[in-house]
Amino acid sequence: MDAKIISAWVAFFGTLIVSVITIRQNYLIRKDTKKEEKRKRILAEKLGYEEKLKKFYIPLRTYLENSKTLYKIFRKNKPQNFRVLTYLLNPEQLYDGEKVILSTSDRAILDKVFEIGKKIEKLVYESSYLIGDDKEFVIKYNPRAEYSHLPYEKDMTILSLLVSHIVVIRLAYNGKLIDADWKTFESFVFPNEINIRVNEKIDYLKKKIGECEGKILVSIG
């Protein structure tokens with residue numbers, strides 16, 4: 001075979017091999033790029049869940065649990081039908097036929113509860129933007145069956161109801177609502193279900209974080 005023909009075939013096959021190698025390399029690069037982009041998306045999702053936990057839900061749960069514990073202490077030796085808000089609006093009313101007089105210790109505990117309440121307010125005002133897609137906290141509150149007997153204010157989110165309760169009860173404690181009709185404020189009761197919903201949300205976010213970590217391991221495997 002003519003040397004020129006042989007040389008041409010060698011050059012052709014050489015070019016073909018280089019092309020195949022280049023295509024293969026480009027394919028692997030694109031594949032690695034897609035894997036890296038997927039890993040970054042999952043990581044961003046994971047970080048979003050972690051931010052919600054650390055900056056909103058866990059602090060909120062801590063405040064709620066501390067407040068609940070203090071309130072349990074405060075409620076000891078109080079009549080069964082005693083309610084702080086109605087009492088503060090009308091300290092002269094009778095419970096089970098008796099008048100309730102708050103002790104110095106009672107007032108000290110309430111002071112601490114209100115202090116925690118201000119922290120909850122601050123947290124909701126400054127960090128609730130983090131949970132804008134968590135419907136159970138940002139749409140109209142619909143109490144579950146076991147909580148639906150209470151006269152909650154309509155057309156409010158559970159967070160707005162919580163903050164409104166905190167504000168109203170603090171105003172009443174400071175004597176700013178002493179001449180107000182308690183029926184005007186009776187629907188601003190504390191939404192007890194929020195403790196359950198916050199705990200459920202924390203468990204959910206931890207689960208999602210775990211799922212993201214598993215996906216990241218698979219994506220880099």
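**Confidence, core and pocket of a predicted helical model**

In this predicted model, confidence is lowest in helix H6 (residues 182–185), with a mean of 75, and highest in H3, at 96. The score used is pLDDT, the predictor's confidence in each residue on a scale from 0 to 100. The protein has an average pLDDT of 86, and 84% of its residues score at least 70. Where pLDDT is low, predicted coordinates should not be read in detail. Local features need pLDDT of at least 70 and side-chain atom pairs count only at pLDDT 80 or more, while totals for chains, interfaces and linings use all residues. Residues are numbered from 1 along each chain as its sequence is written, and side-chain values use heavy atoms, with hydrogens and water left out.

Seven helices and two strands are present in the protein. These elements are DSSP runs numbered from the N terminus, with helices (H or I) of at least four residues and strands (E) of at least two. Their order from the N terminus is α-α-β-β-α-α-α-α-α. Of the 221 residues, 36% are buried; buried means under 20% relative accessible area, exposed over 50%, and partly exposed in between, computed with a 1.4 Å probe on protein chains only. Contact means heavy atoms within 4.5 Å. Among contacts between residues at least 6 apart in sequence, 75% join residues at least 24 apart.

The largest nonpolar core contains 54 residues, and those with the most contacts inside it are Tyr57, Leu60, Ile120, Phe137, Leu159, Ile194 and Val198. Two or more residues of this core come from each of H1, H2, H3, H5 and H7, and H5 gives the most, with 10 residues. Such a core is a set of buried Ala, Val, Leu, Ile, Met, Phe, Trp, Tyr and Cys residues joined through side-chain atoms within 4.5 Å. Apart from neighbours within four places in sequence, Leu60 is in contact with Ile120, Leu123, Leu159, Leu162 and Val198.

Val124 belongs to helix H3 and is buried, because its relative accessible area is 9%. Residues up to four places away in sequence aside, Val124 touches Phe56, Leu159 and Val163. Val124 and Leu162 are 38 residues apart in sequence, and their C-alpha atoms are 9.7 Å apart in space.

Not counting residues up to four places away in sequence, Lys46 touches Ile209, Cys212, Glu213 and Ile216. Arg170 lies in helix H5 and counts as buried because its relative accessibility is 19%.

The largest pocket holds about 740 Å³ of space. On a 1 Å grid over the protein atoms alone, a pocket is an open set of points where a 1.4 Å probe fits, with protein on both sides within 12 Å along at least five of seven lines; lining residues have an atom within 4 Å of a point. The volume is the space filled by probe spheres set on the points, which are joined across faces, edges and corners. The lining comprises 25 residues, with Tyr71, His165, Ile169, Phe190 and Asn192 nearest the centre. Helices H1 (3–75), H2 (84–89), H3 (104–127), H5 (158–173) and H7 (193–219) each give two or more residues to this lining. By class, the lining has 17 nonpolar, five polar and three charged residues. Ala, Val, Leu, Ile, Met, Phe, Trp, Tyr, Cys and Pro count here as nonpolar, Asp, Glu, Lys and Arg as charged, and the others, Gly among them, as polar.
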